[in-house]
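Let's take a friendly walk through a protein model together. Have the sequence and the 3D view ready as you read.

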Amino acid sequence: MYCNSVFDRIKLFRMIVLRFSKFVLLVIITLTLAISCKSKKHLKSESNINSLEEVLGKGWQCYAAPDEFKKAGIVLEYTKDKLYVFDSDYSDKSISGNSAIGSINYSLNTNYGGVLQLLQGLSLFSPDSNISANLSRNTIVSVNYKNTKKHVISGITAQTIAFDYSKRKLVPTSRYFLIRESQSALDLNIEIEKSVLDTLFGSIEVAKFAKASSNKFSEGKNSYVLKNEYKQALGICTLVTELDIKRGATGIQKVTLSNNPHYIPHEINISKK
Amino acid sequence: MKLIFLKNSALLIYLLLLLFLTLDSCTVKKNPGKNNNPDNPKNKNEIPLKLSENLESYINESEIPSKLLLQLEEWNALPTWLSKGKKSREDWLIALHENTIKMGWPKKSQDAVTKVNVSRGIELAGATTGSELSISIQESLPILLQKLLEIINGCIIAESVDEQRMKIFIDSLNFEKCISRSKLFLGFLEKIEFYDSPLSESQSPLIQSATEFLYYHEFGHILASIPDSLDFIKTELLPEEDEYEEEILADYFAFIMTSVKYEKQSPDDQFIAFSGISLAMSLILCLDFCDHSVSKNGFLETKMTSFRMSRLKHWTMISVDQKLLTPQANSGLSILWDTTDKILSSITDTTSPIFNLIYETTSQPRQNWTVARNEFVKWYTFGNRSKIIAELELVYKSAKEQTKFPKAQAALEIFEYIIDSTSHLEPELGLKESVDYFMN
């Protein structure tokens with residue numbers, strides 16, 4: 001009865017909107033805030049290893065110890081001793097371009113030993129001092145990678161690599177992984193709690209380094225920030241595919257690309273054979 | 001006021017819904033609806049045929065376009081091994097696999113799955129390691145073994161020496177026929193990588209033993225991929241065998257499994273089991289022969305299979321000497337292999353099945369050309385396409401050069417007929433595109 005005609009409905013709608021506009025506005029603002037908070041949560045959680053997959057796509061993973069070997073076109077061998085070793089390099093066949101992700105913030109739950117390993121791996125800060133600290137103590141390191149690039153191995157090239165591997169004598173107890181895509185960075189900043197570096201190297205050594213390399217070092221309230229620029233891009237995140245090996249009864253070996261991504265432990269270091 | 005409140009609630013719900021729908025429509029769908037995908041074969045002009053239950057599983061499993069399978073089924077031209085008996089072959093293989101993994105192998109080997117698969121070309125059997133562990137036995141394996149066994153049986157005659165012993169001879173009277181049959185079979189393996197003929201209802205124990213050996217061989221590969229699991233069968237290899245280390249190791253495992261299974265069985269059972277090994281190795285020898293690896297002195301090389309068989313003979317001989325196996329196991333291992341070896345030594349070239357098919361069709365009335373077309377589509381669907389095209393080009397060019405002869409003229413017409421009458425299967429068939437460059 002109240003809204004018999006379209007006109008009545010419009011009237012009612014206007015009345016409600018006018019009378020409760022503040023309330024409706026409030027609801028919309030709350031919703032907008034909730035959504036924007038959700039988006040921010042996404043951005044913030046870039047610093048979390050798992051959520052990087054959400055940003056980069058399924059199968060992507062980032063490493064605590066970036067290095068030049070973590071780039072598209074590298075084939076890794078996973079040996080029976082559970083080591084990832086460099087096997088071959090097809091990275092010259094990869095296509096590179098600017099990465100859409102810009103910079104990556106990454107926070108790493110590690111221990112003092114991991115910090116040491118990271119600093120040495122990145123040639124950032126490794127004074128010749130004896131370390132007597134308890135390396136198993138936990139800490140968090142924040143890493144910010146800038147000047148990122150994406151490197152991709154095309155489908156045809158990946159097939160060619162698989163074909164090349166079909167002709168090779170492969171170790172039966174080993175597994176082989178091809179890095180299909182990678183994100184690399186030329187610049188990085190690492191933020192480490194003051195107490196960690198001071199405990200590891202001693203505050204005198206740290207101060208010496210800060211003085212000698214002021215362009216690479218800055219001091220905050222509770223943390224030190226170490227910076228570096230690299231000529232060779234560091235592989236920071238990868239998308240890895242396994243090379244499945246089929247051994248036929250006639251002795252013919254066929255290597256194909258697995259459909260599922262493979263996750264290499266993020267703290268892994270790739271060693272040379 | 002109450003009414004206004006209710007209307008207001010409705011409005012709020014409406015706004016929320018609107019907002020939700022807007023957000024939802026802005027979100028990129030990870031899995032867009034299959035029906036809207038233009039690449040979805042279902043949107044293409046498919047042959048509207050009803051699937052048989054058996055075929056449905058192949059369509060899901062194989063990479064062969066369903067359109068081709070459906071058309072072959074409609075023409076009643078599916079390979080015999082595809083159209084019947086899959087379930088029983090699969091059940092048999094799964095039972096064998098389950099019995100094998102129960103024997104206390106490393107836990108990881110229990111993750112291995114086993115399947116009967118359909119794929120293009122000839123693979124016989126394979127073991128995949130990597131993201132998954134699997135053993136596959138090719139669907140066409142029994143028919144290939146059966147055909148080879150028929151050929152070998154047609155080439156030999158058995159003569160009783162005494163009540164217990166028989167002597168096997170090459171049947172010199174029928175040897176030419178035997179060679180001719182072998183050449184055609186090898187032609188299929190070499191030039192088409194596909195073979196089909198009627199499959200017996202009941203699988204012969206010999207074919208079963210051969211399949212069993214190949215399964216054990218593949219399981220050996222699976223174990224070899226698991227660190228330390230095959231350490232107990234390390235064998236000293238000669239330097240020239242190094243290249244084939246993995247195959248020899250897998251063979252050794254398969255030999256041990258067969259020996260353990262049959263050591264307490266009767267000599268006749270051992271004869272059959274080891275004849276099965278011999279048959280499997282003879283088929284591998286044929287494929288190795290067709291691989292065209294030529295040695296420095298100009299002979300076709302079958303080095304890998306020969307090394308593997310020498311090892312198998314050596315291990316069997318030792319087991320017989322140690323009374324673990326009876327001499328029948330030794331005889332079983334030798335007869336089929338030695339005969340195959342003799343046949344292959346007498347062959348320098350193989351027969352072209354495509355030439356045969358076209359040539360025989362030239363003497364048929366046009367209404368019967370469908371038989372040739374159906375056969376050809378079957379070969380092209382399941383065989384090695386590039387080899388078939390290469391062969392087709394040879395036959396076509398040869399016919400083109402001899403058009404003054406009616407048979408050559410008819411052959412060219414048959415070519416045209418096959419291409420025209422399969423145009424509705426394009427692009428899945430891929431024939432027209434492949435022959436265009438030499439026909440036009």
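How many of the five residues in strand E4 (residues 156-160) of chain B are buried? The count is zero, so this strand is hardly covered. Here, a residue is buried if 20 or more other C-beta atoms lie within 10 Å of its own, exposed if 12 or fewer, and partly exposed in between, with C-beta atoms placed from the backbone. Helices (H or I, at least four residues) and strands (E, at least two) are DSSP runs, numbered from the N terminus.

A word on what you are viewing: this is a predicted model, in which local features need pLDDT of at least 70, side-chain atom pairs count only at pLDDT 80 or more, and totals for chains, interfaces and linings use all residues. Residues are numbered from 1 along each chain as its sequence is written, while chains are lettered from A and ligands numbered from 1 in the order in which they are written.

Back to E4 of chain B: five bridges join this strand to strand E5 (residues 166-170) of chain B, and the two run antiparallel. Two strands pair if DSSP finds at least two bridges between them. You can look for B:Ala158, whose bridge partner in E5 is B:Ile168.

Now turn to the backbone. B:Lys323 is not a glycine, yet its phi is positive, at about 60 degrees. You will find B:Lys323 in the loop between helix H11 (303-321) and helix H12 (327-345) of chain B. B:Lys323 counts as exposed because it has 8 C-beta neighbours inside 10 Å.
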